Each structure stands twice: as C-alpha cells, then as structure tokens.
Amino acid sequence: MPYKLTLTFCAAVLTLISLRMHIDPAGITASEFPYAEGDAFDVAVTIRRLIASLLFVIASITFFARGIESAKSQQSLLNGCILGFAVMCITVGIMTAPQIANLAIAAVVFAVLTAICLFSRIKINLNE
C-alpha cells in the first residue's frame with residue numbers, strides 16, 4: 001500500500017475509534033468491563049474519554065505526516081507507527097486473554113494497522 005494511503009487509512013481508523021469513544025464512553029466501558037460498578041465504572045468512563053482524545057491526537061499527527069516526502073523520513077515514521085500499534089495490540093491482547101477486559105476487536109484492529117504499516121515500510125525499503 002502506498003505510504004500516503006497507509007497513513008490516511010491509519011488516521012481514519014483511529015479517528016473512527018476516537019469518535020466512537022467520545023460519543024458513547026459508558027457503552028464502550030460497559031461492554032469492555034462488564035463487571036465494573038460504581039466508582040470503578042465512573043473512572044473507566046473518564047479514562048475512556050482521555051484515551052479517545054489521545055487517539056484523536058495520534059490520528060491528527062498521522063494524517064498530517066502524510067506530507068513527508070523523504071523515503072528515510074517515511075521509514076522512520078512508519079517505524080514509529082509499527083512500534084506503537086504493535087504495543088497497543090500486545091497490551092489489549094494481554095488484557096483480553098485472561099478476560100480482564102473484552103478487547104479482542106481492538107487487538108485485531110491494532111494487529112491490522114501494525115501489519116499494514118510494516119508492509120508499507122518494507123515496500124519503501126524495496127523501492128530504494
């Protein structure tokens with residue numbers, strides 16, 4: 001996948017996740033942490049809003065980074081995306097495995113974003 005399309009796709013996915021988390025943080029918290037009650041639930045909803053904002057920041061930076069033209073800079077940016085998305089995938093996967101949270105879909109999303117960025121990074125490297 002071309003570099004600009006890869007970053008556009010990643011930014012769009014992150015924006016959609018962010019919007020969903022901003023629109024219904026309580027619903028997402030209830031589905032991800034079905035046993036949370038009282039103050040724990042309220043804290044989780046608040047953290048969900050913070051995470052939504054952070055995802056939007058990452059989506060914005062990713063979108064505007066599409067303008068980078070140098071192949072070396074593109075590789076560096078994709079390395080950052082690969083590392084960040086892989087860490088997110090591992091983190092939500094570890095939380096899902098022992099059923100601390102129901103984040104299987106998130107693990108798959110971040111695995112796909114990691115794979116797309118890795119594929120684009122390899123393609124840039126091959127084109128040099």
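Helices α4 and α5 run roughly antiparallel to each other, a label used for angles over 145 degrees, with under 35 degrees counting as roughly parallel, 65 to 115 as roughly perpendicular and the rest as oblique. Their axes come within 8 Å and cross at roughly 160°. Here an axis is a line fitted to C-alpha atoms, for helices over the stretch in contact, and angles run from 0 to 180 degrees between N-to-C directions. The crossing of α4 past α5 is left-handed, meaning that the near helix is turned anticlockwise from the far one by less than a right angle (right-handed if clockwise).

What sort of residues make up the contact of α4 with α5? They divide into 18 nonpolar, 8 polar and 1 charged.

A word on the model itself. It is predicted, so local features need pLDDT of at least 70 and side-chain atom pairs count only at pLDDT 80 or more, while totals for chains, interfaces and linings use all residues. Residues are numbered from 1 along each chain as its sequence is written, and side-chain values use heavy atoms, with hydrogens and water left out.

Now α1. Helix α1 (residues 3–23) packs against α5 at an angle of about 165°, with the two axes 10 Å apart. That makes α1 roughly antiparallel to α5 as well, and the crossing of α1 and α5 is left-handed.

Stepping back, the protein comes to 5 helices and 0 strands, and from the N terminus on the elements run α-α-α-α-α. Those come from DSSP runs numbered from the N terminus: helices are H or I with at least four residues, strands are E with at least two. The C-alpha trace spans about 55 × 25 × 15 Å along its principal axes. Of the 128 residues, 31% are buried, where buried means under 20% relative accessible area, exposed over 50%, and partly exposed in between (1.4 Å probe, protein chains only).

On to the rings. How many aromatic pairs does a search of the whole structure find? It turns up 2. Rings of Phe, Tyr and Trp (its six-membered ring) pair if their centres lie within 6.5 Å; planes under 30 degrees apart are stacked, over 60 edge-to-face and the rest tilted. Phenylalanine 63 and phenylalanine 64 make an edge-to-face pair, 5.3 Å centre to centre with 85° between the planes. Phenylalanine 63 is partly exposed at 32% relative accessible area, and phenylalanine 64 is exposed at 66%.

Phenylalanine 85 and phenylalanine 110 form a tilted pair, 6.1 Å centre to centre and 35° between the planes. This pair links distant parts of the chain: phenylalanine 85 is in helix α4 (residues 71–96) and phenylalanine 110 in helix α5 (residues 104–127), 25 residues apart. Phenylalanine 85 and phenylalanine 110 are both buried.

Arginine 66 lies over the face of its ring, 4.0 Å from the ring centre; the test is NZ of Lys or CZ of Arg within 6 Å of the ring centre and within 35 degrees of the ring normal.

Here are some residue pairs to look up in the structure, with C-alpha to C-alpha distances.

| Pair | Apart in sequence | Apart in space |
|---|---|---|
| Phenylalanine 33 and glutamine 99 | 66 residues | 9.2 Å |
| Glycine 80 and cysteine 117 | 37 residues | 9.4 Å |
| Isoleucine 61 and valine 43 | 18 residues | 27 Å |
| Asparagine 127 and valine 92 | 35 residues | 34 Å |

Where do some of these residues sit? Phenylalanine 33 is in the loop between α2 (25–32) and α3 (38–64) and is partly exposed, at 21% relative accessible area. Glycine 80 belongs to helix α4 and is partly exposed too, at 44%. Isoleucine 61 is in helix α3 and counts as exposed, with a relative accessible area of 55%. Asparagine 127 lies in helix α5 and is exposed as well, at 61%.

Technical notes:
Ala, Val, Leu, Ile, Met, Phe, Trp, Tyr, Cys and Pro count as nonpolar, Asp, Glu, Lys and Arg as charged, and the others, Gly among them, as polar.
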